[in-house]
Amino acid sequence: MINKALFIFLLCISLFNNVQGQLPVKLNEFSTNEGLPSNHVYDIVEDHKGFLWIATDNGVSRFDGKYFQNFSVKNGLPSNDVLQIQCDDDGTIWANSYVQHPAYFDDVKGCFITIKNHKYLNILSKTLFVLQKLKGRGVKFYNRNGSVTFQNKKITAYTYKPVIENKLLTKNNEVNSFCVNSINKHISYNKTYLLIKNKIIDSILIRSLLPFSSNFFNYTEFFQFTIGNKVYKVSDIGLHPLTFKLDSLILPEKTFWYKLSGDHLIITSSKGNVYFYDKNSLKLSNKLTDKANANCAYIDKFKNIWIGTLDKGLAYYSTNEIKKISTPEDYIKPNFLSLSINDKNELFSGNYYGQVLKIKNGRKQKFEIIGNNYPAWIRKIINVKNKTVLISDMGYSINFRKSKIALTYKNMSASLKTAILLNDSTIILGTISGLLELNLKTLKTRSLNSEYNRALSLVKTDNNTVYNLGSKGLYKYRLNTNTSLFIPLNLPNFNEKLSVLALASDNTLWASSPNGSLVIIKNDKVLSVIKDEANLPENITCMLANGNKIWIGSKKGISILTYHINRNQIRYKISNISKTDGLSSNTVNDLITKNDMVYAATENGISIIPAAYQNPKFEISPELTEVKINQQRKPIAKNYNLESNENNITLQFAGIELSGHFKAIQYAVNNQKNWNNLDGNMLNIQLNSGSHNIFIRAVDVNNQISKQTLKLSFFIKTPFYRALWFWTTIAIMITAATFWWFNQMRLQRQKTIFEQKLALELQRKKITADLHDDIGATLSSLQLNSAIANQLINSDTKQAKKILHKIEDQSKNLADKIGDIIWSMKPGKDEFMTIGSRIKNFANDILGATNINYKILVDTGINKAIQDITTRKNLVLITKEAVNNIAKYSCATEVLISLKMINKQIHLKIEDNGNGFNICEDKGNGLANMRKRTEELNGSFTIHSELKNGTSILISIPLVP
């Protein structure tokens, strides 16, 4: 069985273009810190969309140039130890894991699919596979026991050679091969058998002094690799009769890994060096031999080189025009602050540590300037004739001698911030307290008549005049008159302070602010202002005018503004250069130009850029890489039909541009007018019901918008409680319910009116009955007694008077009854009409003429509560009956009458301290009438009485509204 360690010698295939002969430069590195699943990289390939796929010992990663998307066994891989990754001609990505089944990536599902459940594949996968791309024919997984060929993700051919039976089983109508290696008398033999339809038709024999390790066969040619450093190539194979061409290649080092595809053969040596050969001619086209530490390598379609290492992750190389000058930190600190080149083409660069690097013809020399117990910042280097003047915070140095202190007119030391060569004998120094002159003949300084403030930047227009930016604004200084003139710029709505100057050859003066705005000045007047330009960086550190270009250094790299002025109207375009393009660092501290080259001092070395440099053209394609609905992964598509509750949507995107120029994803919803920048590559959005379109585009580092726009359509069903039919039904139901309610209310009102009328009618009938039974009988008795009295008045005067007294009592009693009936039927708000007043009045009439002390307690709210005629009448009559009985029979001295409301019950209590009586004995109609009237009101009647111990009557009646 082929073990994992030996697999590094086996074959992988990928697609790329020719490699240029120019030596590549490392531009970037990626490790687990940037998102790689592991720093141990086995294989690299680019797919048809432009993604870079990286196979590691901890899964597979897909890279768009900015973001890594990682896949593991959780995403369908049969193992996280993935040794090979390959892209076939239809764009499918295949993964070959250590002693596992083959797997391919499903673009729609966004995961890997492992192929299983095939008899011979299950057997073969127990031995380590080699993954080989077939030209126009899919891919083949093979090992010493056989092979399996896949086309359109399906098995189309297989061979199986059991070790015991030593015979070959095949399902393949194409040309196939298998090799047999042997050693005889120190000579290695490799015999390759060619087969068609399971029949051996011929063989090719190769002899070598070195043992063979692996081979690659592609129908019309094959390569044989030895354990040493020799490669054999068999090409132009013809059958019937067999013809072929044999070539060989001797490598500079022993082969550790190789990749073959298209017109290139990539060889990695055991020392980590990489060699790129033309596959047809076997000539060396490029190499990486300076500590590349390569485990594998790949060339993408833009001829960039990607190196996978054993423990350092992924490295990106390019043959960009930008060159770098770097030095080991143990030689000189590479954080450079200033630059200059003299007439001898000697390059000088100073750093933050008082060190100066001198380079001529590739030779490097280091100088150190002694400061006052701490490093001196070398802010400017000026070359004039045979002098090199170093300007630092603490003073100036001539030809690297000990630094001298610059003195002001008060003989105080000046802190130097900038400087400019005005003429062969004069350097103007900018300090925190104005301008100084350094005379190169006398090597002395003197204060100039300038504004006393910090000098931020200096440019000269001629050998006599300089412009100076101070904290208060722009000044023009003339040396011959020793005068400084403040230049008001009169910029309305512009409150930014200017900090950096550059003077162009057309005499336009360019001033920048820390916020990234530019002010263009000509003849001391503002010509134009460039503000809120997205392509301009903040924190501008330096500017350089070169022809019609303004080079702008910042903390984000270099921006090149190319401009044209026509009739005081300025037109411009901006491009940007960063570490991605080959800069030593994105922090640029100084810019100079010499011999059509621009030199940049950065915090990590020196970069050399052609003055005519143009960024390569590229198109960034936006791509949807993952979809989640309500946090559940869904297949990738362009149209989605979702349920009403599936409105929480998460989308992941990629902007495919491997060189690192991708900046951001922008999206717009339902129209392409209002675009928003994504912070990262994930969009979380919640959509309402209905149809929605989400538009996606990519933006590069120069804020150029991609030509391609991705459109995603979502239709979210309307929930039933928002649907038209639902609200129509609700409206109908509400209307019906309202109509029913109004009808019920009308019926209820009619019922209430009817019941009130019925109750009134019943009360009227009752009153009529009372009038008929009681008052009618009394009137009849009055009539009868009157007739008798009339007959006796002459004959029996005494008897007539008795009858007349009886008539008087009956009349009075009748008047009281009629009054009670009239009162009960006419309740009012007047005090004399209330039930309490009624009880008090007749109690006073009856008991007032006796020696009985009485007390009447009536709740204040009971008068309003009792509105029913029958209740009012019966309560008064019951009370009157009881009071009459007390006055006539009780012999009481104290009486209490109480009328209260307790829990919607009317409680009438009448107590006396009289003689009492035996309630079991019949006492006439009085008590019976009281009981009858109580029961008529659905109440309860309770009486308690003892001889010589008084009587208590308690009546409880439910309140009738």
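Here are some questions and answers on a sheet, a helix and a few salt bridges.

This is a predicted model, where local features need pLDDT of at least 70, side-chain atom pairs count only at pLDDT 80 or more, and totals for chains, interfaces and linings use all residues. Residues are numbered from 1 along each chain as its sequence is written, and side-chain values use heavy atoms, with hydrogens and water left out.

Q: In S4, which residue is the bridge partner of valine 41?
A: S3 and S4 (residues 52-56) run antiparallel and pair over five bridges. Valine 41 has its partner in S4, and that partner is threonine 56.

Q: What span should helix H5 have, at 1.5 Å a residue?
A: H5 covers residues 835-847, which makes 13 residues. The expected span is 1.5 Å times one less than the number of residues.

Q: How many residues apart in sequence are the parts tied together by lysine 49 and glutamate 623?
A: A salt bridge (a side-chain nitrogen of Lys or Arg within 4 Å of a carboxyl oxygen of Asp or Glu) joins these two, with the closest N and O atoms 2.9 Å apart. Lysine 49 lies in the loop between S3 and S4, while glutamate 623 lies in strand S57 (residues 621-629), so the parts they tie together are separated in sequence by 574 residues.

Q: Is lysine 133 buried or exposed?
A: Lysine 133 forms a salt bridge with aspartate 89, at 3.0 Å between the closest N and O atoms. Buried means under 20% relative accessible area, exposed over 50%, and partly exposed in between (1.4 Å probe, protein chains only). Aspartate 89 has 38%, so it is partly exposed. Lysine 133 has 10%, so it counts as buried.

Q: How many salt bridges does a search of the whole structure find?
A: One of them joins glutamate 29 and lysine 26 at 2.8 Å, N to O. Searching the whole structure gives a total of 14.

How values were computed:
Helices (H or I, at least four residues) and strands (E, at least two) are DSSP runs, numbered from the N terminus. Two strands pair if DSSP finds at least two bridges between them.
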